[in-house]
Amino acid sequence: MKRHLLEAADLDRADATLVLDTAAQIESALAGREVKKLPTLRGRTVVNLFFEDSTRTRISFELAAKRLSADVINFSAKGSSVSKGESLKDTALTLEAMGADGIVVRHGASGAPHRLATWVAGSVVNAGDGTHEHPTQALLDAYTIRQRLGRLEGVKVVITGDVLHSRVARSNVWLLHTLGAEVTLVAPPTLLPVGVGSWPVTVSYDLDAVLPAADVVMMLRVQGERMNASFFPSAREYSRRYGLDAERMARLSDDAIVMHPGPMNRGMEIAADVADSPRSTIVEQVGNGVSVRMAVLYLLLGGPA
Amino acid sequence: MAPPSTLSSAGPGDPQQLLSADDVPRVVDRIAHQLIERAASSTSSGDGLADLVLIGIPTRGAPLARRLAARIEAFTGTAVDVGTVDITLYRDDLRTRGVRALEDTRLPDAGIDGRLVVLVDDVLFSGRSVRAALDGLRDVGRPRAVQLAVLVDRGHRELPIKADFVGKNVPTSRSQQVRVRLAEVDGEDGVTITGGEQ
């Protein structure tokens, strides 16, 4: 493993598999135990540095660090000196001076974790930067697919929705490709990035056509906060063409699963009865996130400083 | 074909054989008999085997525990619970020696509460692995008692830990390496010692 986890594109197959295997061992070691805590990172400090809102990612990282006995400091930009104008660099140097061994960072600007990694001595974990990457989400998605289907090699994954703004989609494209899965992106042309032609994916504009062959359908959130232009005519039209409802779900093969990174817009990209169906792994994904993040923190912070 | 078995015939760097492929199963059988005896005397009802859980410390302690259980079953007809506890996340040398891949942790469905747990490992050296395993067990449950069975005790303890069942005691120097091979992991059985001046 490298010292930081900045993007899924950094991970080679051996590293990615090591994370998934480690997560699986941690999960089975803790299963059914009364004391769900390991002493591995005792005396290490992990800072959760969140410049953007988050529920599950921040809580998931906090829980993962605490289960490994690390000391956790939660920092959110709201209510900190950032609102007084302190820069990312000064914030980072402050945390560094306080002895942070690991910094988990979420930032609205793509590339912020990369900059941060050049300023601090500790390990940096990207917990989502702008529209760039969200590598631990991709790792927990890959973990969930492997757990449900038993393999990743050759698995056909359809990722549908706002690919343009989605760091989850980017991380998944690279990681799933590295792990041997075949990715198809489905989105309105306005929600695909310009450079998508150079990605290791197939692109389609017709969700119904690709569903029958899919093993996994991953629905992306329509990001209301980033819908600053006319990407599609209306929510209703988007939902009809690219949303997953019960009728569409019926086209899937028997073993296919439905994923969503959360938070969901029920009724928009995913219908409520689909989200709550047995095919849906949405709740499992959250649980798996803790195991995967424990694996990442162990591998990055467990060894020599 | 047989590897050299005495110091005089071996070069300084050559491995010396401590236990041959035929010796290992015999030693395992002896420990199995001792476990049966000890388990029987440890409860008033006389059938302590139902109470017994063999927990292997990966890597080689795990197949060793399974072998001991199989031999106990062969001798007595009673199946004994077996499990493994990976100690990696409890080690005290991760900072100095780096992280490594984890191995299986599998506990019997009946758990370990109130039972006689025998930890099984291949080599007892500093005692730090056993310390880590004891910490691990404490998070899993509360056994009635914990004992330790090892194939080889090579001395040089760094902690106050002592084995209850020992296959072979071997005086070594710190710089020597004791290597246990088991058919399940390495393709064949055998114990060798390499290097160092005695």
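Q: Is the crossing of helix 3 and helix 4 of chain A left-handed or right-handed?
A: This is a predicted model, in which local features need pLDDT of at least 70, side-chain atom pairs count only at pLDDT 80 or more, and totals for chains, interfaces and linings use all residues. Residues are numbered from 1 along each chain as its sequence is written, while chains are lettered from A and ligands numbered from 1 in the order in which they are written. A crossing is left-handed if the near helix is turned anticlockwise from the far one by less than a right angle, and right-handed if clockwise. Helix 3 and helix 4 of chain A have a crossing that is right-handed.

Q: Which residues of helix 4 of chain A make the contact with helix 3 of chain A?
A: Contact here means that the C-beta atoms of two residues, placed from the backbone, lie within 7 Å. Helix 3 of chain A brings Leu88(A), Lys89(A), Ala92(A) and Leu93(A). From helix 4 of chain A come Ala112(A), Arg115(A), Leu116(A) and Trp119(A).

Q: How are helix 3 and helix 4 of chain A placed to each other?
A: Helix 3 (residues 88-97) and helix 4 (residues 112-119) of chain A have axes 10 Å apart, at an angle of about 45°. Axes are lines fitted to C-alpha atoms, for helices over the stretch in contact, with angles running from 0 to 180 degrees between N-to-C directions. Under 35 degrees counts as roughly parallel, over 145 as roughly antiparallel, 65 to 115 as roughly perpendicular and the rest as oblique. Helix 3 and helix 4 of chain A are therefore oblique.

Q: At what angle do the axes of helix 5 and helix 6 of chain A cross?
A: The two partners are helix 5 (residues 135-149) and helix 6 (residues 167-178) of chain A, with axes that come within 8 Å. Their crossing is right-handed. The axes of helix 5 and helix 6 of chain A cross at roughly 55°.

Q: How many nonpolar residues are in the contact of helix 5 with helix 6 of chain A?
A: The contact includes Pro135(A) and Leu139(A) of helix 5 of chain A, with Val168(A) and Leu175(A) among those of helix 6 of chain A. Ala, Val, Leu, Ile, Met, Phe, Trp, Tyr, Cys and Pro count as nonpolar, Asp, Glu, Lys and Arg as charged, and the others, Gly among them, as polar. Besides three polar and one charged residues, the nonpolar count is seven.

Q: Which element of chain A gives the most residues to the side that touches chain B?
A: Across the interface, 18 residues of chain A are in contact with 16 residues of chain B. Two elements of chain A give two or more residues, namely helix 1 (13-30) and helix 11 (282-301). With seven residues, the one that gives the most is helix 1.

Q: Which helices of chain A do the buried residues of helix 1 pack against?
A: Buried means 20 or more other C-beta atoms within 10 Å of a residue's own, exposed 12 or fewer, and partly exposed in between, with C-beta atoms placed from the backbone. Among the buried residues of helix 1 of chain A are Val19(A), Leu20(A), Ala23(A) and Ile26(A). The buried residues of helix 1 pack against helix 5, helix 6 and helix 11.

Q: How far apart in space are the C-alpha atoms of Met294(A) and Ala23(A)?
A: Met294(A) sits in helix 11 of chain A, and it counts as buried because it has 27 C-beta neighbours inside 10 Å. Ala23(A) is one of the residues that Met294(A) touches, along with Ile26(A), Ala64(A), Arg67(A) and Leu68(A), leaving out residues up to four places away in sequence. They are 271 residues apart in sequence, but C-alpha to C-alpha the gap is 7.0 Å.

Q: Is Gly83(B) buried or exposed?
A: Gly83(B) lies in strand 3 (residues 81-84) of chain B, where helices (H or I, at least four residues) and strands (E, at least two) are DSSP runs numbered from the N terminus. Its C-alpha atom is 6.3 Å from that of Leu54(B), 29 residues apart along the chain. Since 23 C-beta neighbours fall inside 10 Å, Gly83(B) counts as buried.

Q: What is omega for the cis peptide bond between Gly262(A) and Pro263(A)?
A: Pro263(A) belongs to the loop between strand 9 (257-259) and helix 10 (272-275) of chain A. For the cis bond that joins it to Gly262(A), omega is about -10°.

Q: What is phi of Ser69(A)?
A: Ser69(A) is in the loop between helix 2 (56-67) and strand 2 (71-76) of chain A. With 15 other C-beta atoms within 10 Å, Ser69(A) is partly exposed. Its phi is positive although Ser69(A) is not a glycine, at a value near 65°.
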